[in-house]
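User: I have a structure open and want to go through its side-chain contacts. Can you take some questions?

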Amino acid sequence: MSQTLDLSGKILIAMPDMGDPRFSRSVIVICAHSDEGAMGLMINQPSQGITLADLTEQLDLDTNDGFRDLPIHTGGPVESERGFVLHSQDYASAISTLPVTEDLALTGTLDILEDIALGQGPVQTLVLLGYCGWGPGQLESEIAQNAWLIGDAPFDLVFGTEDARKWDKALANENIDILTLSSTAGHA
């Protein structure tokens, strides 16, 4: 009986020679992983030209004085019009919130955007459009082919680091020097 690798709550760090330009220097929080596949959110790719204020206007949501305009991030290439909020654990949707780590949660329902617009949402948030998805065994295969490094998902990396520095910081958090990385996969 084979044991399934569960990377839920971990991050993927793209190797420097990532072949797919959509994932170049990306850092992805894995929100769910099972033998049926995996789902994650890229946390270091801001969308161009759209903010939370634009989104609340498009969705015709009321805002109040507690509203904080935020950049929108590209969560991944799958269903790029679908929204997700990766946030601190101080908020839970009345409809559905998925715990990701001890500090992080994921909500993909409209009520969180309504609460954020009214200043009643989580303290820390990343609003993302789209997600990264892998079919059964696909992520494991990519890891075996040396496309990704696996690391922890510390709160300060997700919310306390500038997007442009997240990839470097994720490597540093794992004590990995970019100059020592090899593009060749090896086995002990």
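User: Which residue does lysine 166 form a salt bridge with?
Analyst: Aspartate 163. The closest N and O atoms of the two are 3.2 Å apart. Bear in mind that this is a predicted model.

User: Are lysine 166 and aspartate 163 buried or exposed?
Analyst: Both lysine 166 and aspartate 163 are buried.

User: How many salt bridges are there in the whole structure?
Analyst: A search of the whole structure gives six. One of them joins aspartate 168 to arginine 25, with 3.3 Å between the closest N and O atoms. Aspartate 168 sits in helix H5 (residues 166-173), while arginine 25 is in the loop between strand E1 (10-14) and strand E2 (27-34), so this bridge ties together parts that are 143 residues apart in sequence.

User: What about accessibility for aspartate 168 and arginine 25?
Analyst: Aspartate 168 has a relative accessibility of 37%, so it counts as partly exposed. Arginine 25 is also partly exposed, at 36%.

User: Which side chain does glutamate 79 meet in a salt bridge?
Analyst: That of arginine 82, at 4.0 Å from N to O. Glutamate 79 is partly exposed at 37% relative accessibility, and arginine 82 is partly exposed at 38%.

User: Switching to rings. How many aromatic pairs does a search of the whole structure find?
Analyst: Four. Among them is the pair of phenylalanine 84 and tyrosine 131, which is edge-to-face, with 5.7 Å centre to centre and 80 degrees between the planes.

User: Where do phenylalanine 84 and tyrosine 131 lie?
Analyst: Phenylalanine 84 is in strand E6 (residues 78-88) and tyrosine 131 in strand E9 (residues 125-134), so the pair ties together parts 47 residues apart in sequence. Phenylalanine 84 is buried, with a relative accessible area of 5%. Tyrosine 131 counts as buried too, at 15%.

User: And what do tryptophan 134 and tryptophan 148 form?
Analyst: They form an edge-to-face aromatic pair, 6.4 Å centre to centre with 85 degrees between the planes. Tryptophan 134 belongs to strand E9 and tryptophan 148 to strand E10 (residues 148-152), so the pair ties together parts 14 residues apart in sequence. Tryptophan 134 is buried at 7% relative accessibility, and tryptophan 148 is buried at 4%.

User: Which residues do ring pairs link into a cluster with Trp134 and Trp148?
Analyst: Phe23 joins Trp134 and Trp148 in that cluster.

User: Back to charges. What is the nearest side chain of opposite charge to aspartate 111?
Analyst: Arginine 82, which is 11 Å away. Aspartate 111 is buried and has no salt bridge.

User: Which helix is aspartate 111 found in?
Analyst: Helix H2, residues 110-117. The buried residues in H2 are Asp111, Ile112, Leu113, Ile116 and Ala117.

User: What covers the buried residues of H2?
Analyst: The cover includes helix H1 (52-58), E6, strand E8 (104-107) and E9. H2 is followed by glycine 119, which has a positive phi near 75 degrees.

User: Last topic, the overall fold. How many helices and strands does the protein have?
Analyst: Five helices and 10 strands. The radius of gyration is 17 Å, close to the 16 Å that the globule rule gives for 188 residues, so the protein is as compact as a globular protein of that length. Its C-alpha trace spans about 55 × 40 × 25 Å along the principal axes.

User: How many of the 188 residues count as buried?
Analyst: 43% of them. As for contacts with a separation of 6 or more, residues 24 or more positions apart account for 66%.

Technical notes. Residues numbered from 1 in each chain as written. Predicted model: local features only at pLDDT ≥ 70, side-chain atom pairs only at ≥ 80, totals over all residues. Heavy atoms only, no water. Helix = DSSP H or I, 4+ residues; strand = E, 2+ residues; numbered from the N terminus. Buried < 20%, exposed > 50% of the residue type's maximum accessible area, 1.4 Å probe, protein only. Phe/Tyr/Trp six-rings, centres within 6.5 Å; stacked < 30°, edge-to-face > 60°. Lys, Arg positive; Asp, Glu negative; His and termini not counted. Rg over C-alpha atoms; globule rule 2.2 N^0.38 Å. Contact = heavy atoms within 4.5 Å.
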